[in-house]
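Please look over the sequence and the model before reading on.

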Amino acid sequence: MCGIVGYIGKREAYPIILEGLKRLEYRGYDSAGIALYDDSEIKLSKTKGKVADLEAKAATEISTNGTLGIGHTRWATHGIPNDINSHPHYSNSGNLVIIHNGIIENYESLKKELLKRGYTFKSDTDTEVLINLIEDVKINENVKLGKAVQIALNQVVGAYAIAVFDKKKPNEIVVAKLGSPLAIGIGDEEYFIASDASPFLEYTKKAIYLEDEEMAVISRKKGIKIRKIKNDALVDPYIQELQINLEQIEKGGYEHFMLKEIHEQPNAIKDTYRGRLRAKEGIIKMSGIDDNLERILNANRIIVVACGTSWHAGLVSEYIFENLARIPVEVEYASEFRYRNPVITEKDVVIAISQSGETADTLAAIKLAKSKGAFVFGVCNVVGSTISRETHAGAYTHAGPEIGVASTKAFTTQITVLTLIALKLAKEKGTISNSQFHMQLQELELIPDKVKKALKYDEHIKMVASIYKDAKNCLYLGRGYNFPVALEGALKLKEISYIHAEGYPAAEMKHGPIALIDEQMPVFVIATKKGHYEKVVSNIQEIKSRSGKIIGIVTEGDQDVKYIADHVIEIPETLESLTPLLTTIPLQLLSYHIAVMLGRNVDQPRNLAKSVTVE
Ligand code: F6R
């Protein structure tokens with residue numbers, strides 16, 4: 001979590017850093033800060049709140065000149081979000097200044113040592129400990145900043161992406177990475193530093209992504225020198241040509257990124273299967289699977305590890321893999337799996353799902369599975385992300401940048417990739433008939449248009465949202481493939497509207513949750529024609545007879561549920577295994593409209609951050 005930005009070059013650093021911080025606010029928005037070098041001084045401004053608050057404060061507090069600077073937007077870990085705990089942090093001498101994304105786990109013992117040596121601390125942060133450790137090394141060992149950073153980091157346990165500069169040596173910035181992402185944009189005699197490439201896309205498409213345990217000294221005059229933090233070995237920089245452009249990360253006329261991303265789903269799903277799915281020829285091509293087919297087909301089981309919405313996509317895939325490919329699947333919260341001493345063998349295939357490709361728990365679960373000899377396959381959206389590099393093979397979702405904190409198009413594109421994999425394996429194993437296989441492929445190709453159609457019910461969904469926006473609690477029910485969609489619907493509502501919501505398998509109602517039903521309780525029930533329809537209709541009757549308010553997500557033309565429910569929202573008909581790609585659409589829109597009507601910050605809900613790089 002946290003976003004970091006830096007600039008060194010010929011331009012004014014302030015506007016570049018400020019705009020960059022706005023683009024990185026999805027990573028955290030508890031506080032923001034900036035430090036510029038100008039006229040032999042460090043000009044520092046920081047504040048609790050968002051980048052807009054920083055902008056207002058900095059304008060009155062500091063001169064914003066200077067061609068070198070660093071900035072930070074924070075998701076608080078150590079210390080409450082307040083002005084003092086905000087980054088950047090000075091060292092005791094005031095010469096050094098740092099921004100940091102990550103956690104220094106042994107900061108308390110380091111702090112004790114530094115206190116003994118006379119250092120004082122203004123904030124409660126681990127980051128202020130790190131900058132003083134760097135200063136201590138620099139003074140005592142009489143070394144340059146780069147060396148001091150290296151020696152200090154060798155004493156540190158934890159995760160970091162840092163940028164540091166020294167006002168006595170204002171022609172360089174030192175950066176380092178372990179566990180948190182750090183990209184360096186290469187311009188013409190100018191360099192950009194950022195947690196991802198979005199802050200520098202309009203300036204350069206050339207970027208270096210530092211690997212874990214690497215650091216770089218970025219010098220105005222001498223360019224970039226990358227080294228291994230542990231053994232000091234020089235690293236040849238690998239400069240990538242970036243494929244994303246600025247339009248992809250802007251709102252494009254929508255009021256919120258979340259709404260834009262909901263509406264992008266038809267194209268995003270198409271982009272996910274483009275070049276992979278050839279429905280007419282009955283071919284699915286996925287190099288990550290093709291190149292490792294034997295290993296995957298011989299797996300005893302698939303273990304899916306993920307967090308949050310990605311975990312819900314994993315749950316959908318359990319139904320898909322088991323039904324179509326007859327492969328046993330276990331779906332695990334990465335955070336539980338990694339600490340559970342799970343039984344993993346070389347015959348297991350682990351699928352790690354992550355939009356950001358940076359989620360700390362998922363990454364740790366991958367490392368654990370690899371250490372036990374499992375084959376690990378990644379399903380990520382962010383190209384070049386840590387998880388995509390840590391896995392043996394993988395498939396990108398190609399959903400394009402997802403900026404809204406609440407995940408939408410990542411979910412449907414993850415399901416699309418997982419469906420392609422399951423169908424491919426099913427074909428190879430012979431667990432699906434030719435006609436079923438072709439039908440699945442053809443229907444998958446129609447999904448983008450059906451999503452478009454589902455989006456057309458938006459006005460009606462908005463009307464339904466207006467009726468239930470003041471609910472204090474909501475239930476979401478679904479069965480089979482749509483049970484995970486019920487969980488996802490509930491998650492979407494709680495994270496952006498702050499209304500308490502629970503997702504349940506519809507038949508579990510009678511084992512407890514039914515006690516909650518009264519006339520105040522809206523119950524969103526996924527009741528599509530294919531998928532335990534009659535059973536779900538019986539569940540709806542049970543809710544009705546206890547005066548619950550029923551909102552049915554139904555197949556177009558449905559009459560039975562319409563007759564019982566208070567409201568219905570239609571989706572086009574499709575195969576049962578593909579229904580999650582459609583049923584999720586009205587639930588996303590419902591949450592979105594409710595949150596907007598309640599005046600919530602839809603794209604940046606409280607306490608959350610887009611990529612969770614802390615455990
Ligand atoms: C919910 C949401 C989170 C993420 C979770 C995993 O809308 O966005 O629950 O799904 O933090 O993130 P990734 O997929 O980046 O690993």
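The model discussed here is predicted.

## Surroundings of the ligand

The ligand is surrounded by 15 residues. The closest of these are Ser310, Ser354, Ser356, Thr359 and Glu495. Sorted by class, the shell consists of eight polar, five nonpolar and two charged residues.

Two helices are each represented in the shell by at least two residues: helix H10, spanning 308-325, and helix H17, spanning 483-497.

## Polar contacts and burial

In Thr359, an N or O atom of the side chain is 2.4 Å from an oxygen atom of the ligand. For Glu495, the distance from a polar side-chain atom to a ligand oxygen atom is 2.5 Å. The side chain of Lys492 has an N or O atom 2.9 Å from an oxygen atom of the ligand.

How much of the ligand does the protein bury? Taken alone, the ligand exposes 400 Å², and the protein buries 91% of that area.

## Backbone features in two loops

Two backbone features deserve mention. The peptide bond that leads from His87 to Pro88 is cis, and its omega is near 0 degrees. Pro88 is placed in the loop between strand E4 (68-74) and strand E5 (89-90).

The other feature concerns Asp39, which has a positive phi of about 55 degrees although Asp39 is not a glycine. Asp39 is in the loop that runs between strand E2 (31-38) and strand E3 (41-48).

Terms used
Residues are numbered from 1 along each chain as its sequence is written. This is a predicted model: local features need pLDDT of at least 70, side-chain atom pairs count only at pLDDT 80 or more; totals for chains, interfaces and linings use all residues. Side-chain values use heavy atoms; hydrogens and water are left out. A residue is near a molecule or strand if one of its heavy atoms lies within 4 Å of it. A polar contact is a pair of N or O atoms within 3.5 Å; within protein, one must be able to donate a hydrogen and the other to accept it, and residues adjacent in sequence count only if both atoms are side-chain atoms. Accessible areas come from the Shrake-Rupley method with a 1.4 Å probe; for residues, only the protein chains shown count as cover. Helices (H or I, at least four residues) and strands (E, at least two) are DSSP runs, numbered from the N terminus. Ala, Val, Leu, Ile, Met, Phe, Trp, Tyr, Cys and Pro count as nonpolar, Asp, Glu, Lys and Arg as charged, and the others, Gly among them, as polar.
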